[in-house]
Amino acid sequence: MAQKIINKISEPFILEGNETFIGASIGITLYPDDASDADDLIRNADMAMYRAKDAGRNDYRFFTFTMNEQVFERMQLEKDMRAGLERNEFFLEYQPIVDTVNEQTVHAEALVRWQHPEHGLIPPDRFISLAEESGLINQLGWWVLENACAQAKQWSLNGYPVGISVNLSSRQIKAGLSSEKIVTMLNEVGLEPTLLTLEITEGLLLDDTEETLLWLNTIKQTGVKLSVDDFGTGFSSLSYLKRFPVNIIKIDKGFVQDVTHDHDDATLVKAIIGLAESFNINVVAEGVETEGQLKFLRQHNCDMIQGFYYSRPLAAENLLGYLKQGAAA
Ligand code: C2E
Ligand code: CA
Ligand code: CA
């Protein structure tokens, strides 16, 4: 029945002369097994509905008792995250991004980690989306940006002026993170704007609003670079590369990992590199782990490589060591 409802609602209809689509996500809970009063039943159904949305929308889910526990866990984690920000439990690691031709490190990507007092080290995949939902990403993201830039300045002072790449959530942009604020911070830190790259997602570009375009253009005018992360995983409307002022695209590791044995992925990666070249955009291949992948990418003129083949993400002082070693070699 739920599927029938979804199918019916998903049929296109005409609204003021335009073909229009909507969808639906459905949560289901059963009386009296799951709960005995209306408030609890509605809360259960709501939880199940959000689970259906998370699963990619236009889907349905039945409530389960583990959902309850998971919601509780998330609430706890959110509380811990607020406290963790105050207690300085977050720290950054840096992964080298290496020039394919001369093998020099040209950028480092800042990747956030959380040292939780009870649960130990928590990887970003487990808390970034929660931070986005709760709005905490604004505070956390700003902390990351400031600290990463200060670190890059330090490397410059040590004689290694490598660029720093920082991941930005679209939430931060929507919450009003302005280019003025970024420029003020860069001035305070003393870092050249051209040494900072902001990694944004395809999703932001797909929004394709005047506001987004304006934001991107004001960033461009400051000299700060823009990079499209996880390229190829979104809706792959390549035309936006022409519309938006991007400097770099990062081919998602999902494609890179199969270039040596999957013909389709190899073709796709070659096409992305060729397209980027024609738009004067640099290409980083992410998740490069093997010699074979490197060879393929080098052969097809990919500009930069990031991945375990060269280095895992490193503590700041170890990255400096890596830079020194690279220069010596
Ligand atoms: P991402 O931006 O795509 O970052 C690259 C991820 O791939 C990192 O995982 C990195 O450790 C991993 N990786 C690098 N090379 C290889 C490789 O050769 N093989 C494999 N299998 N993996 C490799 P990490 O550090 O767990 O970060 C996961 C994601 O969390 C990031 O994906 C990014 O989307 C998000 N993230 C991390 N730090 C921040 C942050 O400060 N702000 C925001 N908004 N998101 C962040
Ligand atoms: Ca990234
Ligand atoms: Ca990525």
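Modeller: On a 1 Å grid over the protein atoms alone, a pocket is an open set of points with protein on both sides within 12 Å along at least five of seven lines, whereas a cavity is a set where a 1.4 Å probe fits but cannot get out. A molecule sits in one or the other if more than half of its atoms lie within 2 Å of its grid points. By these criteria ligand 1 sits in the largest pocket.

This is a predicted model, in which local features need pLDDT of at least 70 and side-chain atom pairs count only at pLDDT 80 or more, while totals for chains, interfaces and linings use all residues. Residues are numbered from 1 along each chain as its sequence is written, chains are lettered from A and ligands numbered from 1 in the order in which they are written, and side-chain values use heavy atoms, with hydrogens and water left out.

The shell around ligand 1 has 22 residues, of which Gln 95, Arg 113, Lys 253, Glu 289 and Phe 308 come nearest (a residue is near if one of its heavy atoms lies within 4 Å). By class, eight are nonpolar, six polar and eight charged; here Ala, Val, Leu, Ile, Met, Phe, Trp, Tyr, Cys and Pro count as nonpolar, Asp, Glu, Lys and Arg as charged, and the others, Gly among them, as polar. Strand β6 gives the largest share of this shell, four residues. Strands are DSSP runs of E of at least two residues, and helices runs of H or I of at least four, numbered from the N terminus.

A polar backbone atom of Val 112 is 3.2 Å from a nitrogen atom of ligand 1. The side chain of Asn 167 places an N or O atom 3.2 Å from an oxygen atom of the ligand, and a polar side-chain atom of Asp 229 lies 3.0 Å from an oxygen atom of ligand 1. Of the 810 Å² of accessible area that ligand 1 has on its own, the protein covers 84% (Shrake-Rupley method, 1.4 Å probe).

Donors are N, O and S atoms within 2.8 Å of the metal, or 3.2 Å for Na, K and Ca; water is not among the atoms, so sites may look incomplete. The calcium ion (ligand 3) is coordinated by Asp 229, Asp 230 and Glu 286, at 2.2 to 2.4 Å, with the sequence spacing D-D-x55-E. Asp 229 bridges the two calcium ions, which lie 4.0 Å apart.

Technical notes: A polar contact is a pair of N or O atoms within 3.5 Å; within protein, one must be able to donate a hydrogen and the other to accept it, and residues adjacent in sequence count only if both atoms are side-chain atoms. On a 1 Å grid over the protein atoms alone, a cavity is a set of points where a 1.4 Å probe fits but cannot get out, and a pocket is an open set with protein on both sides within 12 Å along at least five of seven lines; lining residues have an atom within 4 Å of a point.
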